[in-house]
Amino acid sequence: MQKPGFFVSDQFYSKKVQELNVRSIRLAPPVESIRNCAEKMATEKVSCLFIGESTQEISGYITDLTLRDKVLARGLPTESPVSLIMETDLVSITPDASLVEALLLMFQTKARYLLVKNKEGYLGWISRTKVLTEQSQGPFMFIQSVKEARQISELADKWAKMPEIIHLLISRGMKAGLVNQIITTVADTITQRVIERVIKEIGPAPAKFVFFVLGSEGRGELTLKTDQDNAIIYEDKANEHREEVRAYFLDFATRVSTALDSIGIVFCEGDLMAMNPKWTHSLSHWKRNYDTWISDASQETAMNYSTFFDCRAIYGELSILTELKNYMGELLEKAPERFFINLGHNALQYQAPLTFFRKIRTEEIDGEKQLNLKQTMRPIVDLARVYALKYRIYDTNTTDRINLLKEKGVFTAKEALELIHAFDYLMGLRLENQSRSILDQHRKPKNYLKLKDLTKVQQVTLIEIFKVIEEFQARIKISFTRSL
C-alpha cells in the first residue's frame with residue numbers, strides 16, 4: 001500500500017521544536033524607519049524582522065512580503081515608521097511541541113513564522129520552510145499542494161488521496177487527534193480554495209461576512225466519513241440592501257456547497273448548510289437565534305442546536321464570529337438552570353454500549369454483530385461540551401476542552417487522562433476502520449465495525465473505555481439533571 005519514498009523519515013513525527021536550530025530574534029523598535037528595517041534584514045540575511053521594544057515585548061513583525069505588498073505596491077515613503085506596516089498576528093508555540101503540531105498551527109493560522117516561547121519568554125523563531133525541509137515529503141507537503149490547487153477536478157483528486165495518507169499515518173502510530181487535525185486542515189483548505197473560486201466567478205461580496213463550520217469540523221475532529229456542516233454570518237445592512245445581500249450569499253453558499261459535494265465532501269443529510277436559508281443570516285439575526293436557543297432551553301432545542309456551540313470560522317471576517325461568541329458568552333452568564341439541565345439530558349442520549357453482563361452491545365447488520373464507533377464517541381463529545389459551556393470555555397476541540405476543564409479543577413489529572421485516552425483510542429479505531437474500508441474493500445467509509453474484526457485485547461480495552469464513559473455519565477446525571 002505504501003508508495004516508495006512517501007515518507008522519507010519517520011523521525012519527523014516524534015521530533016520536537018526544540019530539536020531544531022531555533023533562529024534568534026532580530027528586532028527593531030516600532031519608530032524605526034522602514035528603510036532602516038529593510039537594510040537590517042538585508043544585512044542580517046533574514047526574511048522576518050520582529051518589531052518591539054525588547055525581545056520580551058514584541059508587538060509585530062515584517063517580512064519580505066510585507067515590504068512588497070505594503071510599501072512598494074502602495075508607494076509608501078520608506079522613511080515612514082515601521083509600525084505603520086507591521087503585521088500584528090503573532091503566533092507562538094512551546095519548544096516541547098512536536099513538528100507535526102507546529103506545521104498544523106502554521107497551516108491553520110496561515111502563519112509562515114512561529115515564535116518559540118516558554119514560561120520565561122521568547123526563545124527565538126522558526127519558519128514554515130525550515131520545518132518542511134525536515135520532512136521533505138508527506139502530509140504537510142500534500143497540504144501545501146492542496147493550497148496551490150485551484151481547479152475543482154484537482155481538488156477532488158487531492159481529497160481522493162486522503163484515505164491512503166491517513167492509513168499510513170495511523171499505521172505509523174500518529175495520535176488520532178493529530179490525524180483529525182490533518183484531515184480538518186485539508187478540508188478547510190479545500191473549502192477556502194472553493195470559496196475563492198466562487199467569489200471570482202460571481203464577484204465580491206456586498207457585505208463583510210464569515211463562513212464558519214460546525215459539528216466535527218468545527219471541533220477539528222473530521223474523519224474520512226464526513227459531510228458538510230456550515231453556515232454564514234454577514235454584517236447588518238440597511239433595509240434597502242437587505243434582500244440583495246441575502247440573495248448574493250444564498251447563491252454563493254449554493255455554489256460553494258455544490259462544488260464541495262462534487263469534490264467528495266458531500267451534502268449534509270440534515271441540510272445543515274449555508275445554502276439552506278435557515279443558516280445564512282445577518283449578525284443580529286444570529287444573535288437572536290442563540291438568544292432563543294439558550295432562553296427557550298427546551299430539551300429538543302438542546303438536542304437540535306448543540307452542534308452550533310462547536311463553531312469555527314474558516315473564511316472571511318473572523319471578528320464577526322468572535323462577536324457572536326462573545327454575545328453567546330454573555331447569554332450563558334445568565335442562562336436559566338434548565339438550559340444546562342437539558343444539555344445534561346442531551347449528553348445522556350447515547351449510552352455506553354455495554355450489556356448488563358458487561359459485554360459489548362452490538363447491532364445486527366447484514367447478519368453480523370457490529371458496533372457504531374461514532375455513537376460510542378458521542379458521549380465523550382457531549383460531556384466535554386456541556387462542562388465547557390457550564391464553565392465558560394469556548395474552545396471547541398474535545399481534547400482541548402477536557403484539558404482546560406482539568407486546569408479549572410473540574411476534572412482531576414487522572415480523570416482528564418482517562419477521557420482523552422478513551423477518546424483517542426476510539427478515534428484511532430474509527431479512522432483505521434474507515435481507511436481500510438476504502439483501501440481494502442473499495443467501499444465508502446463507514447462508522448460501523450464488525451465485532452469479529454476486533455482482537456480480544458481490543459474488546460477488553462473497549463469494555464474498560466465504556467466503563468469510564470458510564471462513570472462520567474453518572475456524574476452528569478447528578479451534576480446537571482439532579483437525578484440518579
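**Notes on the predicted model**

1. Arg392 lies in the loop that runs between helix H15 (373-390) and helix H16 (398-407). Please bear in mind that this is a predicted model. The phi angle of Arg392 is near 55°, which is a positive value in a residue other than glycine.

2. Arg358, which is not a glycine, has a positive phi of about 65°, and its place is in the loop between helix H14 (337-346) and strand S11 (363-365). Its relative accessibility of 38% makes Arg358 partly exposed. As background to both points, most residues other than glycine have a negative phi.

3. Turning to helix packing, two packed helices are described by the angle between their axes and the distance between the axes. For helix H7 (residues 162-171) and H17, the axes come within 9 Å and cross at roughly 135°, and the two helices are therefore oblique to each other, since only angles over 145 degrees would count as roughly antiparallel. The crossing of H7 and H17 is left-handed. On the H7 side the contact is made by Pro163, Glu164, Ile166, His167 and Ile170, while H17 contributes Gly428, Leu431, Glu432, Ser435, Arg436, Ile438 and Leu439. By type, the residues of this contact between H7 and H17 divide into six nonpolar, three polar and three charged.

4. H17 also packs against helix H8 (residues 176-202), at an angle of about 55° and with the axes 8 Å apart, which makes H8 oblique to H17. Here the contact is made by Ala176, Gly177, Val179, Asn180 and Ile183 of H8, together with Asp424, Met427, Gly428 and Leu431 of H17. The residues of the contact between H8 and H17 divide into five nonpolar, three polar and one charged.

5. Ala413 belongs to H17, which covers residues 413-439, and Ala413 counts as exposed because its relative accessibility is 52%, against a cut-off of over 50%. The C-alpha atoms of Ala413 and Thr184 are separated by 28 Å, the two residues being 229 positions apart along the chain.

6. Asn447 sits in the loop between H17 and strand S13 (448-450), and its relative accessibility of 7% places Asn447 among the buried residues. The side chain of Asn447 is joined to that of Gln434 by a polar contact of 3.0 Å. Not counting residues up to four places away in sequence, Asn447 touches Lys225, Leu371, Asn372, Leu373, Lys374, Arg430, Asn433 and Gln434.

7. His281, in strand S9 (residues 280-282), is buried as well, with a relative accessible area of 9%. When its neighbours within four places in sequence are left aside, the contacts of His281 are with Ile232, Ile233, Tyr234, Arg246, Trp286 and Asn289.

8. Finally, how many of the 10 residues of helix H5 (residues 139-148) are buried? Eight are, so H5 is largely enclosed by the rest of the structure. The buried residues of H5 are Pro139, Phe140, Phe142, Ile143, Gln144, Ser145, Val146 and Lys147.

Notes:
Residues numbered from 1 in each chain as written. Predicted model: local features only at pLDDT ≥ 70, side-chain atom pairs only at ≥ 80, totals over all residues. Heavy atoms only, no water. Helix = DSSP H or I, 4+ residues; strand = E, 2+ residues; numbered from the N terminus. Buried < 20%, exposed > 50% of the residue type's maximum accessible area, 1.4 Å probe, protein only. Polar contact = N/O pair within 3.5 Å; in protein donor to acceptor, adjacent residues only side chain to side chain. Contact = heavy atoms within 4.5 Å. Axes fitted to C-alpha atoms, helices over the stretch in contact; angles between N-to-C directions. Parallel < 35°, antiparallel > 145°, perpendicular 65-115°, else oblique. Left-handed = near helix turned anticlockwise from the far one by under 90°. Nonpolar A, V, L, I, M, F, W, Y, C, P; charged D, E, K, R; others polar.
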